[in-house]
Amino acid sequence: MLELNHISLTFNEGTMDEKKALQHVDLQLGHGDFLTVIGSNGAGKSTLMNVISGSLLPDTGDVVIDDKQVTHLQEYQRSQLIGRVFQDPMAGTAPSMTIEENLAMAFARNKKRGLKPGVNKKRKTLFKEHLETLNLGLEDRLTAKVGLLSGGERQALSLLMATFTEPNILLLDEHTAALDPSRAELITDITADIVDKFQLTTLMVTHNMQQALDLGNRLIMMDKGQIILDVEGQEKEALTIEKLLDEFQHIRGEKMANDKAVLG
Amino acid sequence: MFVSIFGAVESGIIYALMALGVYITFRVLDFPDLTVDGSFVTGAAVAAVMIVNGQSPLTATITAVAAGFIAGCVTGLLHTKGKINPLLSGILMMIALYSINLRIMGQSNIPLLNESTVFTPVVSLWESLNLSAPFHAIIAWLGIESSPRTWAVIFFALIITLIIKFVTDYFLKTEVGLALRATGDNKKMIRSFSANTDILIIVGVGISNAFVALSGALIAQHGGFADAGMGIGMIIIGLASVIIGEALFGTKSIARTTLAVIGGAIIYRIVVSMALRVDFLETGDMKLITAIIVVAALVTPKLLDAQREKRRRLRKRKEIATMAGK
Ligand SMILES: Nc1ncnc2c1ncn2[C@@H]1O[C@H](COP(=O)(O)OP(=O)(O)OP(=O)(O)O)[C@@H](O)[C@H]1O
Ligand SMILES: [Mg+2]
């Protein structure tokens, strides 16, 4: 489903600011796998997401989605296959356009855009059905501008927009981080439901270890541009936050920088 | 007086096409495109040269539109592929077009007074049916002495402008149109939904300048000449129209906004024609007047808002004071 082979990426190579953001990363995900990604600030998690989505090109290595080489496809071409939700609730929607127009643009993700109206009766019904599953009452506000929605509502909408066309890969980069705890929980629940419903192959970056343990069937920990821990299935079920921290210390032989912040 | 207002409305309707083009770049695409000063003349130049050389006015006008489209696409290319900042891309294109327009025309002014234009057949059909008569009668009945020569041009121009308006309204709601609007609203987002924002920008700026060139071609045919300098300050006039229109008529929906832009273009022309009737103002003061109108249109709504807010706060404070007094 998703294959990353020997991905390396260095920013500002040969300068004072040289930063090895990814070092020989290998990763294989099967269809329907739900991977959670943890790691301290600057570990390379977002860079990894950006390499998969095509907003960054790796120096070496390649990205394969469904047996298709996509390494040299541009971001807009790859997004035929990839759904994405960003950390910033403002990033995933067009604020001056209406809810139905935003959904219409998301609906066109894996189709050819033409000169037919983006919103029609049939699509409206479809959009409504999907919005109802969010339980936020957005189905009654189809013609409201998205800029008027709260951060949580926007993030729920972004999540729906990224997923209802059933992308081959779903990328979530700390998509609950900007929300208050109750909203974050709501979005987390919606995420679990949607991923389950469409059986999406998902990568989710989070700083919330509990969330990383609760969700998904596989977990990786990143540090200094490398995957330093990779647990799956039964083994992941058995994991606890303490064990994760122990594991990290064991591997890196150093105390994890401010555990508390990470536990957040 | 009536005749000069009539003339202002008439040309305002034609300039509205240019303003719609400016609306597409500045508002929809969020791309401050200055190509306009050049592409307006390109439209006029292409149409004038072709008409003088015996082409049909319709072919000439359509070719002018195509030329404007290409000019816009080049600006879009400079920005997206050449990674040049939008303002600079437009300025570069505007400067380049100045020379290109002179080349197209071969001289700096082409008179069209004795040529037949797209308006000619419409006017002669209209007058042969004597359609202006009822309007002349109404004008006379209202007690206004001088009546404009023909009403054919104003209606013909209005139909063209409204057609372009409705096409624009429709287009901005199509799948491609939505992606175009999102390109101006949130590029990162629409790219993540598989839209090629580079192509959208190129085509969007192209369409905008096609409208501008259409406006230029029609103004040349209406005014009876094309001149290399006729586009100077055109972008500001377009912006003035957009800003005045939006401030006066609102932006509730796209259809409303495009209508507002047309209204803004007409009002701008009326204001200018009134200003020129003031004795001590001269034709050369036009640009200054335009600048003042734009500043006024930009500043007034904010001042009004601030006033309203101030009064609201004062009222609130008074309410609290009287409550405390009790
Ligand atoms: N465009 C860039 N130019 C230069 N350096 C960059 C760039 N993007 C990221 N980096 C650096 O690469 C490293 C990895 O960054 P990345 O954003 O992937 O970390 P992260 O794991 O997502 O961290 P966080 O948890 O803070 O989001 C960081 O040290 C960062 O400073
Ligand atoms: Mg990050």
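**Figure 1. Charged side chains of chain A in the predicted model.** Chain A carries 28 positive and 38 negative side chains. The centres of the two sets lie 8 Å apart. Lys and Arg make up the positive set, Asp and Glu the negative one.

**Figure 2. Surface and interior of chain A.** Of the 264 residues in chain A, 53% are buried. Buried here stands for under 20% relative accessible area.

**Figure 3. Fold and overall dimensions of chain A.** Chain A contains 10 helices and 10 strands. Its C-alpha atoms fill a box of roughly 60 × 40 × 35 Å along the principal axes. The radius of gyration of chain A is 19 Å. A compact globule of 264 residues would have a value near 18 Å, so the two agree.

**Figure 4. Contacts across the sequence of chain A.** Take the contacts between residues at least 6 apart in sequence. In chain A, 67% of these join residues at least 24 apart. A contact requires heavy atoms within 4.5 Å.

**Figure 5. The two domains of chain B.** Domain 1 of chain B spans 2–277. Domain 2 of chain B spans 291–326. Their centres, taken over C-alpha atoms, are separated by 38 Å.

**Figure 6. Contacts between domain 1 and domain 2 of chain B.** Domain 1 of chain B contributes eight residues. These are in contact with five residues of domain 2 of chain B.

Terms used. Residues numbered from 1 in each chain as written. Chains lettered and ligands numbered in written order. Predicted model: local features only at pLDDT ≥ 70, side-chain atom pairs only at ≥ 80, totals over all residues. Heavy atoms only, no water. Helix = DSSP H or I, 4+ residues; strand = E, 2+ residues; numbered from the N terminus. Rg over C-alpha atoms; globule rule 2.2 N^0.38 Å. Buried < 20%, exposed > 50% of the residue type's maximum accessible area, 1.4 Å probe, protein only. Areas by Shrake-Rupley, 256 points an atom, 1.4 Å probe, with all protein chains shown as cover. Charge placed at Lys NZ, Arg CZ, Asp CG, Glu CD. Domains from an automatic or database assignment.
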